[in-house]
Amino acid sequence: DRKYTESALAGAEHVRSFMADNVPEDMELEEKAMFGMAMWMVRGNMFLGFGMKSERLLVRVGEEAVERALAEHQVGVSRCGTRERTFTGTLMVDAEQFGAQRKLREWFELAMSY
C-alpha cells in the first residue's frame, strides 16, 4: 500500500469533496486511481485528477482552452505531459492556482464547458 503525505491526502479530499458537491446528479461521476493520481471521470471521460505525489491538478479542457489558459496564467499552469509525449487538451495546475475554493471552481467550470 502506497503512503502519501498528509498534504496529498488532504488535497485529494479537497478535490473529492468539491467534485461530489458540484457535479450535477444526472451526470455519472466515478473516481479511479490512474497515472499516480486520484482521477475523476464524468460520463466515462477523464475530467479532473489530483497527483498524489506532485499535488498538482490535471484538468481536461480541450486544446482551445489550453491555449487560452496558458496565455492567462503565466505561472503555475502547464501542458500535461512528459518530454516524450504531450496529452492534448489537458493542463497541469499547481496547488497555488486551485487551492482556494473559488480557484478550483474556475478550473472545474472550464472542464465542464469542454
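Predicted model: local features only at pLDDT ≥ 70, side-chain atom pairs only at ≥ 80, totals over all residues.
Asp94 forms a salt bridge with Arg56, and their closest N and O atoms are 2.7 Å apart. By salt bridge I mean a side-chain nitrogen of Lys or Arg within 4 Å of a carboxyl oxygen of Asp or Glu.

Residues are numbered from 1 along each chain as its sequence is written, and side-chain values use heavy atoms, with hydrogens and water left out.

Now the sheet. I keep saying helix and strand, so here is the rule: both are DSSP runs numbered from the N terminus, helices being H or I with at least four residues and strands being E with at least two. What is the strand order of the open sheet? Its six strands come in the order 1-2-3-4-6-5, with antiparallel pairing. Two strands pair if DSSP finds at least two bridges between them. At the edges are strand 1 (29-34) and strand 5 (77-81), each pairing on one side only. On average, neighbouring strands here are turned by 30 degrees against each other, direction ignored. For those angles, axes are lines fitted to C-alpha atoms, for helices over the stretch in contact, and angles run from 0 to 180 degrees between N-to-C directions.

If you are new to sheets, remember that strands pair through backbone hydrogen bonds, either parallel or antiparallel.

Let's follow strand 6 (residues 86-93), which runs antiparallel to strand 5 and is joined to it by four bridges. Strand 5 and strand 6 form a hairpin, with four residues between them. Within that pair, Arg79 stands opposite Leu91. Strand 6 also pairs with strand 4 in the antiparallel sense, over four bridges, and there Arg60 has Thr90 as its bridge partner.

Next, the helices. Which strands does helix 1 lie across? Helix 1 (residues 6-22) lies across strand 1, strand 2 (37-42), strand 3 (45-51) and strand 4 (57-60), and it runs at about 150 degrees to strand 3. Helix 3 (residues 101-113) packs on the sheet too, touching strand 3, strand 4, strand 5 and strand 6, and its direction makes about 30 degrees with that of strand 4. Contact here means heavy atoms within 4.5 Å.

On to the inside. A nonpolar core is a set of buried Ala, Val, Leu, Ile, Met, Phe, Trp, Tyr and Cys residues joined through side-chain atoms within 4.5 Å. The largest one has 28 residues, and Met19, Leu57 and Trp107 have the most contacts inside it. Helix 1 gives the largest share of this core, five residues. Leaving aside neighbours within four places in sequence, Leu57 is in contact with several residues, including Val15, Leu48, Phe98, Leu104 and Trp107. There is also a second, separate core of six residues, and among them are Met39, Leu58, Cys80 and Met92.

Now look at Val66, which lies in helix 2. Is Val66 buried or exposed? Val66 is buried, because its relative accessible area is 0%. Not counting residues up to four places away in sequence, Val66 touches Val61, Arg79, Gly89, Thr90 and Leu91. The C-alpha atoms of Val66 and Met92 are separated by 10 Å, and these residues are 26 apart along the chain.

Let me finish with charges. By the rule I gave, the count comes to seven salt bridges. Arg16 forms one with Glu13, with the closest N and O atoms 2.8 Å apart. Both lie in helix 1, three residues apart, about one turn of the helix. Arg16 forms another with Glu31, again with 2.8 Å between the closest N and O atoms. Glu31 is in strand 1, and 15 residues separate it from Arg16. Together, Glu13, Arg16 and Glu31 are linked in a network of salt bridges.

Technical notes:
Buried < 20%, exposed > 50% of the residue type's maximum accessible area, 1.4 Å probe, protein only.
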